[in-house]
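This report walks through the secondary-structure packing and the side-chain contacts of one model. Please keep the coordinates open while reading the sections below.

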Amino acid sequence: MLTDPISDYLTRIRNASKAGHRVVNIPASNLKKQMTKILFDQGYILSYKFEEDKVQGNIKIALKYDKFTKEPIIKKIQRVSKPGLRKYTGSGELPRVLNGLGIAIVSTSHGVMTSKQAKQENVGGEVLCYVY
């Protein structure tokens with residue numbers, strides 16, 4: 001049993017990109033699906049596919065690499081709010097990652113979104129992770 005499935009999700013992506021893998025399989029959940037859609041929309045992953053089976057399903061993520069240097073697009077993916085210490089912020093204190101070059105994924109009452117979208121909608125929430 002996993003105590004923190006979001007950390008497992010981020011670690012699988014981090015390890016696969018550092019190892020140079022093209023595709024990574026991750027057990028699915030609704031929160032992970034929403035985070036995957038955000039990573040795709042922001043251009044950090046190449047594509048994704050949700051595979052449904054009887055129990056849980058899988059998320060297949062195709063990782064994105066630089067064409068010339070072959071380095072992964074995701075330089076760092078880091079968990080912020082942990083099960084032992086949750087990090088909540090209001091709409092005024094939402095973080096900017098690398099002065100706007102990265103994204104922070106936030107779980108709000110309006111769904112999972114980037115900190116920039118949350119600031120536009122004037123909602124705060126739990127800061128899940130930083131990606132850059």
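## Basis of the description

Two strands are taken to pair if DSSP finds at least two bridges between them. The model discussed here is predicted, and what follows should be read with that in mind.

## The open sheet

With that criterion, strand 2 and strand 3, the latter covering residues 58-63, pair in the antiparallel sense over 6 bridges. Within this pairing, Ser47 has Ala62 of strand 3 as its bridge partner. Strands of a sheet pair through backbone hydrogen bonds, in either a parallel or an antiparallel arrangement.

The sheet to which these strands belong is open and consists of 3 strands in the order 1-3-2, with antiparallel pairing. Strand 1 (23-27) and strand 2 (45-51) stand at the edges and have a single partner strand each, so one side of each is left without a neighbour in the sheet. From one strand to the next, the twist averages 20°.

## Helices across the sheet

Helix 1, made of residues 5-19, lies across strand 1 and strand 3 and runs at about 165° to strand 1. Helix 2, made of residues 30-41, lies across strand 1, strand 2 and strand 3, and its direction is at about 155° to strand 2.

Two packed helices are described by the angle between their axes and the distance between the axes. For helix 1 and helix 2, the axes come within 11 Å and cross at roughly 40°, and helix 1 passes helix 2 in a right-handed crossing. On the side of helix 1 the contact is made by Pro5, Ile6, Tyr9, Leu10 and Ile13, while helix 2 contributes Leu31, Lys32, Met35, Thr36 and Leu39.

Leaving aside residues up to four places away in sequence, Lys33 touches Ala28, Phe50, Glu52 and Ile59.

A pair of aromatic rings is described by the distance of the centres and the angle of the planes. A search of the whole structure finds 2 aromatic pairs. In one of them, the rings of Phe40 and Tyr48 have their centres 5.3 Å apart and their planes at 75°, so this pair is edge-to-face. Tyr48 and Phe50 form an aromatic pair that is tilted, at 5.1 Å centre to centre and with 45° between the planes. Through these ring pairs, Phe40, Tyr48 and Phe50 are linked into a cluster. As for accessibility, Phe40 counts as partly exposed at 35%, Tyr48 is partly exposed with a relative accessible area of 28%, and Phe50 is partly exposed with a relative accessible area of 26%.

Strand 6 (residues 103-108) and strand 7 (residues 111-114) run antiparallel and are joined by 4 bridges.

Definitions and conventions:
Residues numbered from 1 in each chain as written. Predicted model: local features only at pLDDT ≥ 70, side-chain atom pairs only at ≥ 80, totals over all residues. Heavy atoms only, no water. Helix = DSSP H or I, 4+ residues; strand = E, 2+ residues; numbered from the N terminus. Axes fitted to C-alpha atoms, helices over the stretch in contact; angles between N-to-C directions. Contact = heavy atoms within 4.5 Å. Phe/Tyr/Trp six-rings, centres within 6.5 Å; stacked < 30°, edge-to-face > 60°. Buried < 20%, exposed > 50% of the residue type's maximum accessible area, 1.4 Å probe, protein only. Left-handed = near helix turned anticlockwise from the far one by under 90°.
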